[in-house]
Every structure is written in structure tokens, then in C-alpha cells.
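Hi,

Here is the structure I promised to pass on. Have a look at it first, and my notes on what turned up follow below.

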Amino acid sequence: MRTPDGSDVTTAADDTGPATAVADDSRAATADADGVRSASPAPDAFSAVPRWTRDPAPGTAEHRAEIPGEVLSGLRALGARADLTAASVLLAAHAKVLAALTGRDEVVTGYVAAPGARPAVLRLPTGRGSWWTLIRAAHREADEAARQEADREAQEPHGAAAARPEGRPPPDGAGRGTPPETVLDPTGGGGPDAGALLRITLARHGRELRLRYRTDVLDADCAARVAGYHLTALSLIVTDPDAPHHRANLLSEAERRLQLDGLSGPRRALPDLRVHELFEERVRERPDAVAAEQDGHRWTYRELDVRANRIAHALRARGARGEDVVTVVSERGLPWMAAVLAVLKAGCAYLPVEPHFPADRIGTMLTRASCRLVLTATGSTATLDEALSARPGTRAVSVEEAWAERRGNDSPAVETAPDALAYVFFTSGSTGEPKGAMCEHAGMLNHLHAKIHDLGIGAGDIVAQIAPPCFDISLWQLLAGPLAGGRTLLVGQDTVLDAGRFLDTIEESGVTVLQVVPSYLDAVLTLLERHPRDLPALRRVSVTGEALKPDLVRRWFAARPGVPLVNAYGLTETCDDTHHAVLERLPDTGRVPLGRPVQNVRAHIVDEHLSPVPLGAPGEIVVGGVCVGRGYVGDPERTRASFLPDPHHPGERLYRSGDFGRWLPDGTMEFLGRRDSQVKIRGFRIETGEIENTLLRIPGVHDAAVVVPRALGRPADLVAFCAGPRALADSLLHERLAASLPPYMVPPSFHWRRRLPLTANGKTDRNALRAQAVADATARDTAGVDAAAGPTAGDGRPSPGTPTEQRIAAAWSTALGVPRGAIGRHDDFFDRGGTSLAAVKVAIALDRAISPKDLTRCPVLADLAALVDRRRTEAGSRPAGRPAHT
């Protein structure tokens, strides 16, 4: 069989003898005391051998690649110049390949030091340096492996090594540790693979590389690419051994072009119109159709357009001009929708601010964005007035006042270029101040068109709008329906927080397209599993904002097998979602991919130099194309760090996401994690550094670190560690943080230490803090469990007593991820780490005997139980004698 590079692939029946069969019961990867991972098709994210096959099958195959004559000549010359063996140079090249495949500065490989010998485990540093640096390190390791092998042979009885079963370690214990995934054999003498997934042999007297690989891990094309990486590394070594190896890229031109262009999103032409102009086209087509509704109030396309036009004229009359940032301070509702369209129609850029934001944060956002005009809705000025008092140059006008002026019902027809600023969304910033991501009209339009296309939104569709205005997904939820000739249903926050009412609304309103964060989908699914219903109109559900777990996908398709689930991934700086994975079932791999880039978007997996890494290898996700925003408003330093000139497409920008990912064999991308301190909690993007910097501004806090401990059965949440001469009250810390941060960024718990633990290089040891947070929570829970049979909750607090209290405690236990016995009858739900989403889960667990609002009004367990009992009595139902759930 021929591969694209012209070399041969032979199967197990070639002239080297029968291949060893691969067992079907491959074990999961483990680690020994030295940290060496075992060979397994279930790798961590940074495995030496990429899992790259769409049709895994037990067995092995072989790929052969001839070493070019000029490389062989160069190797001989290099050896003569520096007294090196070909084995040392090949080991250096192999180390470089493994570094490219793993993204690590140290690699582990098996190495055969003598013909027929069992592979020795070598660790090779692959950090910065020249090829000579790598060669010398490889030479030392190879010499040491040869010496140890000679010593073993001298110590063993004659013939003992040959008689040992393949892969079994020698009796002296020299083979401690599980074998690595790769074995390099420069001797060409064959021998045991020791469980390796890939064995590379120098054959035919040093003229050929032979790769024997497991076919349940690699396919023939991937094996050919890995062989090519080795040949490229060898060629680079002999060409210029003084060159820095860490800047070398091993990809062929064909693979490079595939990654830079072939794996991009489809190219689709965009209309030469802006979003608000497309909306105006729909108004002319269907003026009397319903464009939006909320709580029974409906606006037609014409009514929405006229209101937006009046507000736009009012903004222009107050001096608003092209690219001026206009802040809209409003709860979600029909007036908010009109305000958003009005800002765009006026040629300005939209900046959302939620009314409950602290005055300090509102003031920071207005200052950063150089905002001179603020649109408000009735009842939304509580903290805004305080923020504006420090900004005499910024004026506020209410939406109601603006449209009552009746300055004009027609569009102001402001000419707006595709690269004009469309909106600014502020996200958490690691320096202690939020970052305002600026996005342009072309990127906004492209994202809306991608949503309309990939979710199949058209005339007659109803899209639910449930995201808060400060969440970037709120924009497409608001506008995609009307742009496609459909309708937007604005679902009130009280309804969203009551999963039962939410499902009632979705069903009764005929919602066809819905997007939620995975944690909320989990709550809704729990209710659907308990109380099944049809939801006949719903035909597309998208999830975003958090990593989508396989179990949630399984549960969704068990409950709604005919409704596709769309996993959406993106960043505020790239006009929201850049990837869509349309799932109709859980993929066979058990992994949930990010999907392919959406239309007119390029996404790459790159190294620190922005060069593509090998297919299947981990690297940073960078995004290019029309979606890339302009930068951070009023923040050139952070803009330069994240928005870079695209080295592969001159004249365009790249955005460095800070996310790690890798390509999968089907052309989709997989998310692997973050490179910095950014986390997502219940869909909100949070830079823990911003919280830490805010804590450090509090007198008495000398050091601070915020972590997100991951413990089985517990929801992810923020935990703050503070250091200082004496502990400050949690209530004071809550108050000071709440004065400048939104509620979702205020940690529910604080821990005090005289000093924070440090790593060996003097940095805060966040792993130790995460472990401590888990240990502290476990200790509290254990204390409660130990005393669960008694009258107190472990620390002297009275335990739930009545059947209703016990039932509520069971519901809290599940929602909060703490043992039931650790909950006291006088505990406050929110002091125990409760959130609005956890309140939704409690309401579901109690069969909607309470609502999340009830829990907010009565957060103490005993008070909540009394409310439930009182309602039952008033309703004339049976008393609360139902036993607690176990």
C-alpha cells in the first residue's frame, strides 16, 4: 500500500515476520512511582503517541521510510566531526519529535542499547537550545543506557536474557516502572516491544526507518507523518546543528496547508449589509408578523423597528456619532431589544451593563469605553446614578423618554462600514480590572449567519432569549430569530430560575431553538427525567459556556433522542462562538468535541511561536478570520499580548485564546483546558486574578489566591485563600468584593493562613491550595456524617428534626454536594455555597413544593421547612410526614 509521501506500508505479513497480536483488553493509563505512564489507547492530553485513527482495530502494521542520501551523507560528516554515532543523532531527532507530539520540555522513550535488549527508559530534556544541545543530551543518555545494558549482560547467566519472555523485566528489578509508549531501536536487531504503541527501528544498515505501530492507536497516514517528522528532524540537524531546535517546525508543507486552510470553516459570502440593515429588510418583507414577545406582550417587526428608530434619532440628536460607545443599562425585555437595535442604527457601538452591577464596576466600564451616553430602562438606575456622579461628562436618557420624543419613525440611515465597531463586552481581567472586548460589524454578522445556518433558524422559528445582557451569547439569542424571519421569546429571569415554569414556557410558547449552559441543562434534564413531557416544537438545543460532559450528552439523547445537541465553543474576543459540533448521539470515542470552525473562521492548534503542531498533538487554540475582534477598549498593552498579526495570512489578525486543544481524526477540535488563571463558573468567564487583586486592595489582606477545587460530587465554585496578621470577617470580605465585583465573582467561602504555600520556585502553590480546599470541605462533611445519628450536625449545630426538614436537608445535600449529615437545621443555604442554579436543583428535588424565590426569601433550613408545612396546612393537604429521601 502506498502513502502520500511515496513510501510503503506493509501489514503484519511482510518479510520481517509475523506481527504480535494486540490484546483487545487494553488497560487505562497508569503511572508508576517514577511517573512513567503505561502504554494505553486511553491517554492523557499530552501522550507521546497521538490517538489518530477513525477505525481502530486490534493488530499491528509497519511503515517504511527511506532516509535520503544527502541526510545519510550529512550524518556521516557530523559523526566524523564530533565523534558521534548515528544512534545518538537519531535519538536527538526522536526526542524532538516527541516534544512536538506532547508539547513538553521533557520526554520519555524506550531505547534499545544493544541488539535484542529490553528497552531502557530514557528521560530527555527538550527545552530551549540548539540541535547540538539536544544531541549532547541524547549522547549522554544513549551511552549510559549502553553501559547499563552491558553491566546487566555481564551479571546475568549466559542466555538468560534471550530466554526471558518478551516484555518481562529482568530479575534484578532494573526494569522498574511501566514502559513508555514509544521505543527507539537504532541497532536494527529487533527484540521485545515491552508494550509500546510505536517502535521505530533503524533498518537496512542505517538507510531506512521502520515504524511498527498498533492499529488500534494509529492509522497508516499518521504513521507516515510521524516518519516524516523524524526525517525532517534529521535533515535539519545535518543542515545546521547550531540552529535553535525549539524554533524548528517538523510539519510537511502539505500538512501545514491542511491545518492552516483545509481545516477552516466553510467559506460563505456575507451580504454587504449590517445587522440592523438586514433587520430592516425583514421589516419590509413582514411588517405585521410578530418579531418579539415577553410575558404576553408582542411587538411586530414594524413596531420594534419604529421604536428602535425613534431611540436612534434621539441618540443622534444628543450628539452620538459613528463608533461612539453607547451604554445600555437595562434588564432583559422588549425595551432592551429596541435599545440594542437603536444603538446600531445610530452608527454607534453597544455596551451592555446590568443594573445590579456595583457602581465602581459601572464607572470603570464607562471610563474605559470613553462613554458619553447611557440608555436606561425604567427602574434600572439604582447604582448607575452613583457611577454617573463621578462622570459629569456622561449623560443618561431613558428608553421611554427617547421614544416619546418621536424624532422620527424612519431609519436614520447612517452609513456603517463592515469594519466599524459594533459592540463592546467586558469580561473579567487578570490585572484587577475588566477587559472590554471590541467586535466589529462584519464579525457580528458572520456569527449571526453561522447560528442561523447551523441551527437551521428560519421563518416561523421561535428562539428563546435567556442569557443576561452582559453575557455575549445574549446578542445572537436576541437577534437571530428576527434576522431569519422568525421570532424572539424573551424569557423572564424568574421563569428561568424555576425549571418547571421554564419548561412550561418553552412548551406553551412553541420554542424551537434554545441555548443553555450545561449546568442548567443538567437541572432541566433532571426535571424531565422525573416528569417527562413532549416539548414537540423544540428541535435544536445548543450548549455553551462550560465544558460539555459525556454523561450529560448520554442523558440528553436518552430523554430526547430526536433533538440534536449543538456544542458551541467560542470567545468574547472572537464575536462569540467559533465552533459548532452538531451531535445526534454521543461520539463513539466517548469524547465531546468542540466541532469544526464555523463559516469564514480559521482555527489553528499552535506552539509558542504560532506554528502549527502535528495533527493530534496538544497546543494553544488561536483563531483567525472575520470573527477576530479589534482588541480591548482603552487597553493597548493587553491588546498587543492577545491580538497578533496573523503570520500565515498577511494583513489579518489572530487571537490567542489561552485554551489548549488538539485536532481529532474527523477534522473536529477537542478542548483540553486553560493555560492561565481563567475559569468558567456556571457559564461566566472569570479571571481569578481579578478577584485576587481586589482582595489585595483590602487593608489587612497581604496575600490572596482564588482557586476552583474539583471534588467528586461537588459543583465547581470559587474558594478564596487570604494571608495576613489576623483573619478578617467573611462578611467584611463579602461586602468589599461585592462593592466592585458582580455577584458571580464573589467567592462563597474564605480561608485564612498566616502565609500561603509556595512552590520550589517561589510561586503560590495553587495545587496545594486546591487540595486544602477539598480537604477542609471533606473534614467538615465528615464531622457532620459522624454525628448524623445524633441531635447535632457534627459541630454542635442542631440537626434537621421534622420530616420536612430532613427532606429539605436531603435536597440541599444533593444540590450542594455535601453529606446530608453535615447540614444543620439553622444553616443558611447561601452561606453553605448555594447559588441560583443550586436553588433550581433544590426546587426540582422537592417536586416544586418551593420555588427558587422561596429559597431566597427563606434561606435558613428550618424557616424553609416551616414555609412548606404552612402551605400544606393552608392548602388542606396531608401533613408533611413524607420520609426523607435517601
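Let me begin with an aspartate: D305 counts as buried, at 11% relative accessibility. That is a computed value, like everything here, as this is a predicted model. D305 sits in helix 8, which covers residues 301-317. What does D305 touch, not counting residues up to four places away in sequence? The answer is F279, E280, V283 and K345.

Now for the whole chain. There are 886 residues, and 58% of them count as buried. The chain has 26 helices and 33 strands. If you take the contacts with a separation of 6 or more, residues 24 or more positions apart account for 69% of them.

Strand 20 (residues 565-571) has seven of its seven residues buried, so it is largely enclosed by the rest of the structure. In a regular strand the side chains alternate between the two faces of the sheet. Here both faces of strand 20 are covered. L565, N567, Y569 and L571 are buried on one side, while V566, A568 and G570 are buried on the other.

Strand 20 has partners as follows:

- Strand 19 (residues 540-543) pairs with strand 20 in the parallel sense, over three bridges. In that pairing V541 stands opposite L565.
- Strand 21 (residues 576-583) pairs with strand 20 in the antiparallel sense, over seven bridges. Here Y569 stands opposite H579.

Strand 20 and strand 21 form a hairpin with four residues between the strands. C575 takes a positive phi in this hairpin, near 60 degrees. Strand 21 is mostly covered too, with seven of its eight residues buried. Strand 21 also pairs with strand 22 (residues 596-597), in the antiparallel sense and over two bridges. In that pairing, R596 of strand 22 is the bridge partner of H580.

Rolling a probe the size of a water molecule over the atoms shows where empty space is left. A search of the whole structure finds five cavities of 30 Å³ or more. How much space lies in the second largest cavity? It is about 80 Å³. The residues that line this cavity are Y423, F425, M444, H447, L448, D472, L475, W476, C575 and D576. By class, the lining has seven nonpolar, one polar and two charged residues.

Which elements each supply at least two residues of that lining? They are strand 14 (421-427), helix 13 (441-454) and helix 14 (473-483). Helix 13 gives the most, with three residues. An α-helix has 3.6 residues a turn, so residues three or four places apart point the same way. You can look at M444, H447 and L448 in the lining with that in mind.

Strand 14 also turns up around helix 10 (residues 359-368). In helix 10, the buried residues are A359, R361, I362, G363, M365 and L366. What covers them includes strand 10 (325-329), strand 11 (349-353), strand 12 (373-376), helix 11 (384-389), strand 14 and helix 20 (688-696). Helix 10 is followed by S370, which has a positive phi near 50 degrees.

Two further residues are worth a click while you have the model open. G79 lies in helix 1 (residues 69-82). Is G79 buried or exposed? Its relative accessible area is 14%, so G79 is buried, given that buried means under 20%. V238 is 159 residues away from G79 along the chain, yet their C-alpha atoms are separated by 10.0 Å.

The other one is T495, found in helix 15 (residues 493-496). T495 counts as buried at 9% relative accessibility. Leaving aside its neighbours within four places in sequence, T495 is in contact with R501, F502 and T505.

Cheers

Technical notes:
Residues numbered from 1 in each chain as written. Predicted model: local features only at pLDDT ≥ 70, side-chain atom pairs only at ≥ 80, totals over all residues. Heavy atoms only, no water. 1 Å grid on protein atoms, 1.4 Å probe; cavity = no way out; pocket = protein on both sides within 12 Å on 5 of 7 lines; lining within 4 Å. Points joined across faces, edges and corners; volume = space filled by probe spheres on them. Nonpolar A, V, L, I, M, F, W, Y, C, P; charged D, E, K, R; others polar. Buried < 20%, exposed > 50% of the residue type's maximum accessible area, 1.4 Å probe, protein only. Contact = heavy atoms within 4.5 Å. Pairing = 2+ DSSP bridges.
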